[in-house]
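This report describes helix packing, domain arrangement and local backbone features. The sequence and the structure are shown first.

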Amino acid sequence: MISDICVLCPYGLDAGLLTKAVALANGAPVRAFVPKVEADTAATFGATYVHALTNVPRDENSLVTWLKEKISQYGCRIVLAPASIQLRNLMPMLAWELQSGLTADCTDLTEKDGSILQTRPAFGNSLVATIKTLSAVQMATVRPGTFPALPCPCDNAQVTEEIIAAPDGRITVIATETGMEAAPLNHARVIIAGGAGIGSREGFEKLEAIAKKLGGAVAASRNAVDAGFAPYRYQVGMTGVTVAPKLYIAVGISGAVQHLAGMSGSEKIIAINTDPKAPIFDYADYGIVADWETVSNKLLEELS
Amino acid sequence: MKILVCMKAVPSTGQVQVDGQFRLQRDGAKLQWNIADEAALEAALTLKSAEDTVTVLTMGPAKLEDPLRELLARGADRAILVSDPAFAGADTVATAGTIAKAAEFLGDFDLILCGRRAIDGETGQTPAMVAAALGIPCISNAESVQLQNGAVFVARRLESGTVLLSVPCPVCVSMCEYTYTLRLPGIMGMRRAKSKTVELLDSAALGLSPQSCGLKGSLTKVISMDSKFPGLRNGPKETDLNAGTDALLAMLQEVVK
């Protein structure tokens with residue numbers, strides 16, 4: 001039996017994580033901490049209590065003390081948060097304050113005898129660890145896009161408005177640059193990702209042309225970024241962003257675990273590679289063993 | 001200004017071994033400094049003026065003494081090896097507790113720089129936990145760091161873009177790995193390093209009981225380890241170009257509409 005679960009999404013609801021928390025709770029209360037504008041949405045995904053936050057400080061250091069008090073006040077024994085950059089900084093601070101074990105960037109959560117077993121790829125290679133927390137409060141950050149978001153019929157959430165007071169005066173945000181050239185990768189429905197096999201910047205321009213026709217986004221593997229074919233903000237994988245689009249097309253990508261970790265939650269995966277033994281094919285719903293450029297040219301032709 | 005740089009030695013190959021308790025075997029493995037931590041050290045050396053000191057600290061096996069000495073040759077003023085068999089198997093909470101104790105033992109630091117995450121465990125949790133243990137803020141994922149009038153100016157990379165912020169010292173900042181490339185040791189540096197010793201801190205020196213560090217002081221436990229990444233789909237493989245492209249177009253139409 002699981003006790004109260006707390007889902008911390010102060011910078012934006014992760015509906016997939018909330019869905020998972022509701023399933024894990026199996027009837028026990030789930031508290032969602034979300035921006036006020038997303039309070040109703042959190043209710044539709046099955047939160048028992050919605051804490052509608054206003055005045056959320058832009059720097060997460062300011063939230064630690066406030067959240068610690070809330071978690072203690074409500075006696076939450078399980079605290080989950082999406083593994084975004086800010087929450088991967090906030091959760092360790094909170095874990096230290098609560099003296100709780102914390103597992104980073106989990107790719108699965110299961111319940112066993114009141115404990116949450118946390119799955120995560122480790123050691124950057126082919127190892128996947130299952131981790132258990134020994135402290136009274138169990139904490140984990142979960143890779144965004146890992147779980148599908150399913151609306152819940154049980155729509156009787158109790159909404160409480162919370163105004164976060166006393167921000168951390170130490171940190172001053174001077175400027176914010178959101179000038180990403182294309183739509184953020186993690187919002188694209190279709191992603192066409194290139195690997196080292198693309199061979200050049202010009203090759204990536206071809207992928208851009210296809211993505212433009214599809215209204216999708218271009219991504220890259222670490223090898224392609226390291227080779228200078230694509231900018232870092234395109235990088236999908238352990239040291240880049242994690243994505244879970246409707247359709248992920250991996251082009252000239254061999255399928256290193258580090259890359260798989262960033263896209264294996266995609267609804268449908270298609271792999272295009274000349275090497276029939278490339279590991280990416282094992283993780284794809286459909287594979288085309290062919291030269292990427294020939295396929296791309298044909299695709300561009302058909303799409304025009 | 002006193003700057004502390006926390007470094008981690010990670011296996012330099014993709015293949016690693018774990019023992020019966022799922023602890024990473026560092027004894028036999030060839031180790032290298034984590035690249036993001038090297039970036040943190042270079043950031044520190046770039047910031048350092050004549051009256052500032054840069055201390056490098058690592059927690060790990062005794063064999064890291066020579067690699068630490070090399071960091072002295074590269075420009076660090078002081079090198080600390082936090083090492084004790086009792087520290088083995090530490091999770092992030094136990095690691096952070098030990099490093100924070102060492103930082104307190106060494107005196108008040110104005111700035112603590114770390115890599116944003118290590119390439120082996122990839123948790124990225126230790127910097128923020130060390131900061132919390134010391135009661136200072138932590139800014140993660142920094143792309144650049146500058147000093148002005150006792151405040152640190154950080155360009156921080158978030159998913160949505162870059163945020164520029166300022167925070168007065170003391171503060172902990174964790175650096176992205178692609179930001180600064182660590183300088184090579186010079187002749188002067190090598191000469192200087194010869195006259196210096198790597199200082200050792202063990203559990204007794206830090207006043208840590210065996211229960212509060214290493215595997216025993218950890219709040220998480222690895223209960224099993226699998227060698228295969230989950231999510232096998234094993235879809236069909238098409239070798240005919242036309243058939244493949246047609247199938248791909250059909251799937252695209254379904255999604256794009």
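At roughly what angle do the axes of helix α2 (residues 65–73) of chain B and helix α5 (residues 187–194) of chain B cross? They cross at roughly 130° and come within 7 Å.

## Basis of the report

This is a predicted model, in which local features need pLDDT of at least 70 and side-chain atom pairs count only at pLDDT 80 or more, while totals for chains, interfaces and linings use all residues. Residues are numbered from 1 along each chain as its sequence is written, chains are lettered from A and ligands numbered from 1 in the order in which they are written, and side-chain values use heavy atoms, with hydrogens and water left out.

Two packed helices are described by the angle between their axes and the distance between the axes. Axes are lines fitted to C-alpha atoms, for helices over the stretch in contact, and angles run from 0 to 180 degrees between N-to-C directions. Helices (H or I, at least four residues) and strands (E, at least two) are DSSP runs, numbered from the N terminus.

α2(B) and α5(B) are therefore oblique to each other (angles under 35 degrees count as roughly parallel, over 145 as roughly antiparallel, 65 to 115 as roughly perpendicular and the rest as oblique). Their crossing is right-handed, a term for the near helix being turned clockwise from the far one by less than a right angle, with anticlockwise giving left-handed. Arg69(B), Leu72(B) and Ala73(B) of α2(B) are in contact (heavy atoms within 4.5 Å) with Gly189(B), Met190(B), Arg192(B) and Ala193(B) of α5(B). By class, this contact has four nonpolar, one polar and two charged residues; Ala, Val, Leu, Ile, Met, Phe, Trp, Tyr, Cys and Pro count as nonpolar, Asp, Glu, Lys and Arg as charged, and the others, Gly among them, as polar.

Helix α3 (residues 92–106) and helix α4 (residues 126–134) of chain B have axes that come within 8 Å and cross at roughly 50°. That angle makes α3(B) oblique to α4(B), and the crossing is right-handed. Residues making the contact include Ile99(B) and Ala103(B) of α3(B) and Met129(B) and Val130(B) of α4(B). The contact comprises nine nonpolar, three polar and one charged residues.

## Helix packing between chains

Helix α8 (residues 292–303) of chain A packs with helix α7 (residues 241–256) of chain B at an angle of about 50°, with the axes 10 Å apart. α8(A) is therefore oblique to α7(B), in a right-handed crossing. Among the contacting residues are Val295(A) and Leu299(A) of α8(A), and Leu248(B) and Leu252(B) of α7(B). Seven residues of this contact are nonpolar, three polar and two charged.

## Domains of chain A

The domain assignment (bounds come from an automatic or database assignment) gives domain 1 (5–163) and domain 2 (185–303) of chain A. Their C-alpha centres lie 30 Å apart. Domain 1 contributes seven residues to the contact and domain 2 eight residues. Between them the two domains bury about 580 Å², 58% of it on carbon and sulfur atoms; buried area is the accessible area (1.4 Å probe) that two parts lose on being put together, summed over both.

## Local backbone features

Cys169(B) and Pro170(B) are joined by a cis peptide bond, with omega about 0°. Pro170(B) lies in the loop between β9 (161–168) and β10 (171–175) of chain B.

Asp113(A) is not a glycine, yet has a positive phi of about 50°. Asp113(A) is located in the loop between β6 (108–112) and β7 (115–122) of chain A.
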